Amino acid sequence: ECELVKINSIKDEALTKAAEFIKNGGLVAFPTETVYGLGGDGLNSEAASKIYKAKGRPSDNPLILHINDQKMLHKIVNDVNSMAKKIMTAFCPGPITLILPKSDIVPSSVTGGLNTVAVRMPDNDIARELIRLSNTPIAAPSANISGRPSPTTAQAVYNDLHDRIDMILDGGACHFGVESTIVDCTEDVPIILRPGAITKEMLEELFPVVKIDRAIVGENVVPKAPGMKYKHYAPKANMILFEGSSAKMADAIANKIADYEREGKKVGLVVSSEVAEKLQHENTAIYGNQEDLLTIASEIYECLRFFDDKDVDIILAEGTTDKGIGLAIMNRLHKASGFNSIFID
Ligand code: TXA
Ligand code: MG
């Protein structure tokens, strides 16, 4: 059973204790501006193994190293090229992860055997202070059991991992609520391997051409970020995603509810406030207004977890636009549903 500590200030004693756990090869969950991370010493391959074990994560799925300053960056990356510099100047600290050639001190257990490393400077005071006090880059995947929705609250971390790690730092709900944008900086042009709050549109203000890994948009190819190939972010019940025309969304979902309920099945809904209003269904998790994508991003994982302790047979989810951060939301919903979509025209 681990300690769950509410952090009120970065001067709190608990942060020093957490850093001691990290230095000694232990595991500490901590808040970031995206989702909670499950941290361990990123230069210690035993700590890395513990992370994989705690999450039940396949060991070919590499970890992100979280850094506090440029000095740490140069320790773990061989060549901080001009593309990376440009991105860092514009967006770091922030919800973005860069893929760069790794230096020798990064254990191959952290990178899943790849010769590149994922690096991120989080924009969260507790995360940054923990890294500084630990005096090492912190390897941190999202602090969920592998395959489950990422945690955006300390309670969600506790539910998944309380008996597998040393400590949880509670810094309140995460600001963005979806994981960082991953950008491959090892090719001629930046390639987005996972969409997030730093959007394609924002990167296009810096670079004339920005590519997106084809695996993200549903094409049947092997993704370059190994983690993107797994069914992921999934609630406990099966889920169907509704995409397309918002004018017919409520009717399409209503028809499907009727079908399932005729079969005696219990349905859960993950929808916008607009659609919730029209459907008036008892089992509804509302993620916000369709116009407010940032709120939808920050609520989506809690909505997917909402049905974990309720007894539903099937979850019907309403999609969003794929513009801006909508691309990240739709990517997570596709994966949570195992690409099981109904298209409305
Ligand atoms: O927002 C985030 O990035 C959160 C917080 C905790 O910082 N972390 C996170 O980590 O989402 P995780 O482990 O859940 O996702 C890391 C992703 C995986 O899809 C992994 O395959 C990819 O990053 N990745 C890591 N190293 C890579 C590399 N060298 N090349 C390509 N993809 C890599
Ligand atoms: Mg994850």
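Colleague: Before we look at any pair of helices, how are the axes and the angles defined?

Modeller: Axes are lines fitted to C-alpha atoms, for helices over the stretch in contact, and angles run from 0 to 180 degrees between N-to-C directions. Helices are DSSP runs of H or I with at least four residues, strands are runs of E with at least two, and both are numbered from the N terminus. This is a predicted model, in which local features need pLDDT of at least 70 and side-chain atom pairs count only at pLDDT 80 or more, while totals for chains, interfaces and linings use all residues. Residues are numbered from 1 along each chain as its sequence is written, and side-chain values use heavy atoms, with hydrogens and water left out.

Colleague: At what angle do helix α10 and helix α11 pack?

Modeller: Helix α10 (residues 293-306) and helix α11 (residues 326-336) pack at about 20 degrees, with their axes 9 Å apart. Angles under 35 degrees count as roughly parallel, over 145 as roughly antiparallel, 65 to 115 as roughly perpendicular and the rest as oblique; α10 and α11 are therefore roughly parallel to each other.

Colleague: Which residues make the contact?

Modeller: Contact means heavy atoms within 4.5 Å, and here the residues include Leu-293, Ile-296 and Tyr-301 of α10 and Ile-329, Arg-332 and Leu-333 of α11.

Colleague: How many disulfides does the structure hold?

Modeller: A disulfide is a pair of cysteine sulfur atoms within 2.5 Å, and the structure holds zero of them. Cys-174 is in no disulfide, its nearest cysteine sulfur being that of Cys-303, 15 Å away, and that distance is too far for a bond.

Colleague: Is Cys-174 buried or exposed?

Modeller: Buried means under 20% relative accessible area, exposed over 50%, and partly exposed in between, with a 1.4 Å probe and protein chains only. Cys-174 counts as buried at 6% relative accessibility, and Cys-303 is buried with a relative accessible area of 5%.

Colleague: Where is Met-249 placed, and what does Met-249 contact?

Modeller: Met-249 is in helix α8 (residues 249-262), and counts as buried at 2% relative accessibility. Leaving aside neighbours within four places in sequence, Met-249 is in contact with residues including Phe-242, Val-275 and Ile-344.

Colleague: Where does Asn-283 lie?

Modeller: Asn-283 lies in the loop between α9 (273-279) and β14 (284-286), and at 13% relative accessibility Asn-283 counts as buried. Although Asn-283 and Val-312 are 29 residues apart in sequence, they are 8.6 Å apart in space, C-alpha to C-alpha. Not counting residues up to four places away in sequence, Asn-283 touches Val-312 and Phe-307, among others.

Definitions and conventions
Chains lettered and ligands numbered in written order.
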